[in-house]
Amino acid sequence: MKFIDLFAGLGGFHVALRRLGHECVFAAEIDPVLQSLYTKNFGLPISGDVRDIDISIIPKHDILCAGFPCQPFSKAGLQLGLDCPRFGNLFDSVLAILRGRNPEFIILENVPNLARHQGGKTWQTMRAKLEAIGYRIDEHRLSPHQFGIPQIRERIYIVGRRSGLDDFRWPDPT
């Protein structure tokens, strides 16, 4: 399958999906240093801020991956959520790409507090928006240490599929 890598960082989604045999056809990352490293590591030109990208240049793809910025939702931050003036509208950019390109699958990642932010209202709003454009959604908290990687860094993972998640199962910790 073909995937895109938004808020690409160092390319964690890229590494994982490439190992599964999938092809990255587009990437975006705002940080110039990370852009350079991503291009060096994967040989793929990378776009900048997703808010400035013309959706028509994004190739058709099967999977949209996005580890959108967590600062608005993190307990360590100001917890401005979707109202954060710097990062609050980035989820809307993801929605616009989903509407414009209609990939079958989505994989999103963020801090676990996203699910609890504003008493759960922020996540409920985001989930409702994803469901309104045709995705069936599930979320689960996972940490690398649950899979033999020596790092405790719990994250919330959100998966979605247009045709439903009846055959989807979260991995069991090893």
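Me: Two strands pair if DSSP finds at least two bridges between them. Over how many bridges do strand β5 and β6 pair?

Reply: This is a predicted model, in which local features need pLDDT of at least 70 and side-chain atom pairs count only at pLDDT 80 or more, while totals for chains, interfaces and linings use all residues. Residues are numbered from 1 along each chain as its sequence is written, and side-chain values use heavy atoms, leaving out hydrogens and water. Strands are DSSP runs of E, at least two residues long, numbered from the N terminus. β5 (residues 136-142) and β6 pair in the antiparallel sense, and the bridges number seven.

Me: Which residue in β6 is the bridge partner of L108?

Reply: β6 also pairs with strand β4 (residues 105-110), antiparallel, over six bridges. In β6, the partner of L108 is I158.

Me: How many residues of strand β6 are buried?

Reply: Buried means under 20% relative accessible area, exposed over 50%, and partly exposed in between (1.4 Å probe, protein chains only). β6 spans residues 155-161 and is largely enclosed by the rest of the structure, because the buried residues number five of the seven.

Me: How many disulfides does a search of the whole structure find?

Reply: A disulfide here needs two cysteine sulfur atoms within 2.5 Å. The cysteine sulfur closest to that of C24 is in C65, at 8.0 Å, so this is too far for a bond. C24 is buried at 11% relative accessibility, and C65 is buried at 0%. The search of the whole structure gives a count of zero.

Key: Helix = DSSP H or I, 4+ residues; strand = E, 2+ residues; numbered from the N terminus.
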